[in-house]
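Here is a short report on a two-chain protein model. Keep the sequence and the 3D view open while you read.

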Amino acid sequence: MITRRKILMLLPAAAFAWKYVLAGTPELSPNYSVKEHWWGMLLDIDKCIGCGSCVRACATENNVPEGYFRTWMERYHVSDWQQETPQVDSPNGGKDGFPPSTAVGGKNFFVPKMCNHCADSPCTQVCPVGATFDAPDGVVLVDSTYCVGCRYCIQACPYGCRFLHPTKHTAEKCSLCYHRITKGLTTACCENCPTGARQLADLKNPADPIHEFVKNHSVQVLKPHLATGAKAYYHDLDGSVR
Amino acid sequence: MHVSKFKDAEHLVRLAVVCVVVFAIFLLVRAHFVPKSFGQYGHFRGDALAEQAAKPISYAGHKACVDCHADVVEVKKAGKHAGVNCEACHGPLAKHVEDPAAVVPQLPDTAVICARCHEENIAKPKTFPQVVSKQHSGGEVCKSCHVPHSPLMQPGDKKS
């Protein structure tokens, strides 16, 4: 028979067990608070020279396997009157630069592509095991110990930013160099961009130059109609870019 | 004879005990299988953030270069390459920063590295300085005429 005395004796044990259930770990770094940041990136098409430095730097920094890309470059050729059907090439993701173009006339420009770190990311929404998640600082990450390699996220990403790692068989993507930005460094692609076409932006930091830039320039995200809350902001983005 | 309204109350108690035991087992199993840091920041394993953040870096960052090579930065300041970070040309050098004596960076080949940015391409911004290197120098290394850190002509040569 359960008596009041027995229940009272069980209470401390239950409290201990509950504490074990709820127990967390300390903050990830003493100098970094996830709540104080909201990361994005500014990509200035006007400044991009298609050198591929970002692609090479990303591959080195993040051990991206050959033939796969966390960031890549595209070269657009929009012939006159054919805004809807641009010709796009991206030889080896632009890693080795671009050969001279055979295009004549029209509009020609480079577009650096990467994960848009969407605030309402489709990839996070479809992950059946909760391996992909939105960190509180606005970075979309993959917990590879949870990932079962089902590829749902790869199909869901409207920007084509994900791939399945050929040997680990888990989903991979741009981590916005989380191991760098939490140490106060910029991302590898931004660090190596010679023209400043890529700028890491902390939208929660009122002193970040992005606020002044956005105020004074035309800025657009990719596929805004999908309402993904993309945080890769493009300056002077042409309407033909997909 | 007194007939209690709750004559069979013992059955209910037994049922309640079973429920409590099952719930307790559920809590224990959950505590065992759900990582402790799950839910710390949101619906994911909180430790995943720390694991991502703990990965080693390859590029040391511009500040690390400035700390030791302030003289080069001073030269760069005056020229067109003021905004180009060191590692963009010299490569990933976090290991050099850790142990400058053991890891000595190789000088980049200017015939290759300059062309990556300055080789003419129709898609580059029109204002960006571009050359067709075959016509411009005939394959000669750029630094025989230009100073890479402040890319005008070498001192003593005529500026063109």
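## Where the chains meet

Chain A and chain B bury about 3900 Å² between them, and carbon and sulfur atoms give 61% of that area. Buried area is the accessible area (1.4 Å probe) that two parts lose on being put together, summed over both. The size of an interface is often given in this way, as the accessible area lost when the parts come together. This is a predicted model, in which local features need pLDDT of at least 70, side-chain atom pairs count only at pLDDT 80 or more, and totals for chains, interfaces and linings use all residues. Residues are numbered from 1 along each chain as its sequence is written, chains are lettered from A and ligands numbered from 1 in the order in which they are written, and side-chain values use heavy atoms, with hydrogens and water left out.

How many residues does each chain bring to the contact? Chain A gives 52 residues and chain B gives 41. Contact here means heavy atoms within 4.5 Å.

## Bonds across the interface

The rule finds one salt bridge across the interface of chain A and chain B. A salt bridge is a side-chain nitrogen of Lys or Arg within 4 Å of a carboxyl oxygen of Asp or Glu. Arg45(B) pairs with Asp143(A), and their closest N and O atoms are 2.9 Å apart.

Now look at the side of chain A that touches chain B. Elements giving two or more residues to this side include α1 (4-22), α2 (53-62) and β4 (107-114) of chain A. Helices (H or I, at least four residues) and strands (E, at least two) are DSSP runs, numbered from the N terminus. By class, this side of chain A has 29 nonpolar, 12 polar and 11 charged residues. Ala, Val, Leu, Ile, Met, Phe, Trp, Tyr, Cys and Pro count as nonpolar, Asp, Glu, Lys and Arg as charged, and the others, Gly among them, as polar.

Arg45(B) also has a salt bridge with Glu51(B), at 2.9 Å from N to O. Arg45(B) is buried, at 9% relative accessible area. Glu51(B) is partly exposed, at 41%. Buried means under 20% relative accessible area, exposed over 50%, and partly exposed in between (1.4 Å probe, protein chains only).

## An enclosed helix

Is helix α2(A) largely enclosed or exposed? Nine of its 10 residues are buried, so α2(A) is largely enclosed by the rest of the structure. Among the buried ones are Cys54(A), Arg56(A) and Glu61(A). Their cover includes β2 (71-78), α5, α6 and β9 (198-202) of chain A, together with α7 of chain B. Just after α2(A), Asn63(A) takes a positive phi of about 50°.

Glu61(A) meets Arg180(A) in a salt bridge (3.2 Å, N to O). Arg180(A) lies in helix α5 and Glu61(A) in helix α2 of chain A, so the pair ties together parts that are 119 residues apart in sequence. Both Arg180(A) and Glu61(A) are buried.

On chain B, Thr110(B) lies in helix α7 (residues 110-118). Thr110(B) is buried, at 6% relative accessible area.

## Domains

Chain A is divided into domain 1 (40-117 + 181-235) and domain 2 (122-171). Domain bounds come from an automatic or database domain assignment. The C-alpha centres of these two domains lie 21 Å apart. In their contact, 17 residues of domain 1 of chain A touch 12 residues of domain 2 of chain A. The two domains bury about 1200 Å² between them, 68% of it on carbon and sulfur atoms.

Chain B has domain 1 (2-53) and domain 2 (62-144). Their C-alpha centres lie 61 Å apart.
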